[in-house]
Amino acid sequence: MSRKFSRMVALRYRDFRFLWIGEMAATAGRQMQLFAVNWHVFELLRGQSFTLSLFGNAIEMGSEAFGLGLLGLTRVIPVLLFALAGGLLADRFDRRSVMLMMRLLAALVALALAALTVADRIDVGMIYALTALGAAAITLDFPARQSIEANLVAARHLSNAISLNMLVTKIATVLAPALAGLLLASFNIGLVYAIGAAAFLAGAASIGGIRQRGKRTRPARINWRTLVLGIRFTFGKRIIMGTMLLDFFATFLASARTLLPIVAGDILGLGAFGYGMLATAQPVGGLLAGLFLSLRAELKRQGVVFLVCVAIYGLATAVFGLSTSIVLSYLVFAMTGAADIISSVIRGTIRQLMTPDKLRGRMVSVNMLFFMTGPQLGELRAGIAASILGAPLAIFGGGLAAALLAALVAWRFPSIRRFDSAADLKRKPARGRD
């Protein structure tokens, strides 16, 4: 076993260890806040409904499902507004400093949620507004965080670094909802927000220990031309764009996480603690898959593996939508997490190795428009569909559509299907001018 763990070579790099620890803390803060916000909105709107007039027909819609869906919209608008700006910041300024500032902003948002909740002066509108501000901080942080990874480890160890970062993210995503669910069962929601704020601060402190600042020796100027250059590079790489598009549509169609309070509370008959346990299923699956990847050498036939994982993600989501068994729901939801982590590692390795460092932040920001808007818009889609059709049918239909989409891409894009491993990317990446 010790020989297997020696393959976690990225942890030999001091600065990567600080990033790794900081990411665990910040992810715990994000997940606790996400969990608490979803349950908070569900509780505030529970049992309410409204009538929507569509083409002369009155449609009765559940406020709780629609309200949860609107959370996806509040999270996606900052991505659309700030994703490309975040890429420019990552390529122009000290990446470590960008991360520090954004994590401090996230901590302030969590503290505001905590204070308003404890004072009993919060409403759904305030939750939406603060959620949007927190999403803006995450959006501006993400390109810098992803771009700095390649500055902290040798190129041959980048895949291992990505796997380890995803592994630690899943660890935090397992522990945070479980802890939050336990706290919600006995204490005010404000306590969960406050602990999330402390986690953001701890993550910022760890990032402060990084010595490599991720600053380019010849910084890109911030203007329209440099932005267009990053967009053109990303859209010009067929494999990068193919994986981005499939990721977007799969998560748009099969995103079910925002409906978890309804699944747990109304379908499975669980309370806040049971909701917390169910929320751990997806990250537990991702954790097991991430551990498997971190202990392996490079995956082979990655294109086929990627497509199969997307199909499994969709099919498992479909079964989750129809399940009324707690055990089955947990198992298939865990399968979605495992499939997602494997496909994410493959996508991340391809993107990082095919992109020059001076364009990496902008490439990541373009990618954000796909992988972050997909699930958030999917939450809005799922919320609207569930308010009309019911949560089970909304989740089932979306998952089945995602699986069929993976089969279509496998048929129409043979270049993705034939992709084997990083050895295919040894060609010199395209150059970009600043």
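Keep in mind that the model is predicted. The second largest pocket takes up about 180 Å³, α4 and α5 pack at an angle of about 155°, and a search of the whole structure turns up four aromatic pairs.

**The second largest pocket**

- Let's start with the space itself: the second largest pocket has a volume of about 180 Å³.
- Its lining includes Arg238, Met241, Gly242, Leu245, Leu246 and Phe249.
- Also in the lining of this pocket are Leu405, Leu408, Val409, Arg412, Phe413 and Ile416.
- Two helices, α9 (238–254) and α17 (391–412), each give at least two residues to that lining.
- Of the lining, α9 brings the largest share, with six residues.
- Sorted by class, the lining has nine nonpolar residues, one polar residue and two charged ones.

**Helices α4 and α5**

- A handy thing to know: you describe two packed helices by the angle between their axes and the distance between the axes.
- Helix α4 covers residues 95–118 and helix α5 covers residues 124–152; they pack at about 155°, with their axes 8 Å apart.
- Angles over 145 degrees count as roughly antiparallel, so α4 is roughly antiparallel to α5.
- The crossing of α4 and α5 is left-handed.
- Where α4 meets α5, the contact has 17 nonpolar, three polar and five charged residues.

**Helices α13 and α17**

- Helix α13 (residues 302–322) packs with α17 at an angle of about 165°, and their axes are 7 Å apart.
- That angle makes α13 and α17 roughly antiparallel to each other.
- The crossing of α13 and α17 is left-handed.

**An aromatic pair**

- There are four aromatic pairs in the whole structure.
- One of them is Trp39 with Phe42: the ring centres sit 5.3 Å apart and the planes are at 50°, so this pair counts as tilted.
- Trp39 and Phe42 both belong to helix α2 (residues 14–45), and because they are three residues apart there, about one helical turn separates them.

Technical notes
Residues are numbered from 1 along each chain as its sequence is written. This is a predicted model: local features need pLDDT of at least 70, side-chain atom pairs count only at pLDDT 80 or more; totals for chains, interfaces and linings use all residues. Side-chain values use heavy atoms; hydrogens and water are left out. On a 1 Å grid over the protein atoms alone, a cavity is a set of points where a 1.4 Å probe fits but cannot get out, and a pocket is an open set with protein on both sides within 12 Å along at least five of seven lines; lining residues have an atom within 4 Å of a point. Grid points are joined across faces, edges and corners, and a volume is the space filled by probe spheres set on the points. Helices (H or I, at least four residues) and strands (E, at least two) are DSSP runs, numbered from the N terminus. Ala, Val, Leu, Ile, Met, Phe, Trp, Tyr, Cys and Pro count as nonpolar, Asp, Glu, Lys and Arg as charged, and the others, Gly among them, as polar. Axes are lines fitted to C-alpha atoms, for helices over the stretch in contact, and angles run from 0 to 180 degrees between N-to-C directions. Angles under 35 degrees count as roughly parallel, over 145 as roughly antiparallel, 65 to 115 as roughly perpendicular and the rest as oblique. A crossing is left-handed if the near helix is turned anticlockwise from the far one by less than a right angle, and right-handed if clockwise. Rings of Phe, Tyr and Trp (its six-membered ring) pair if their centres lie within 6.5 Å; planes under 30 degrees apart count as stacked, over 60 as edge-to-face and the rest as tilted.
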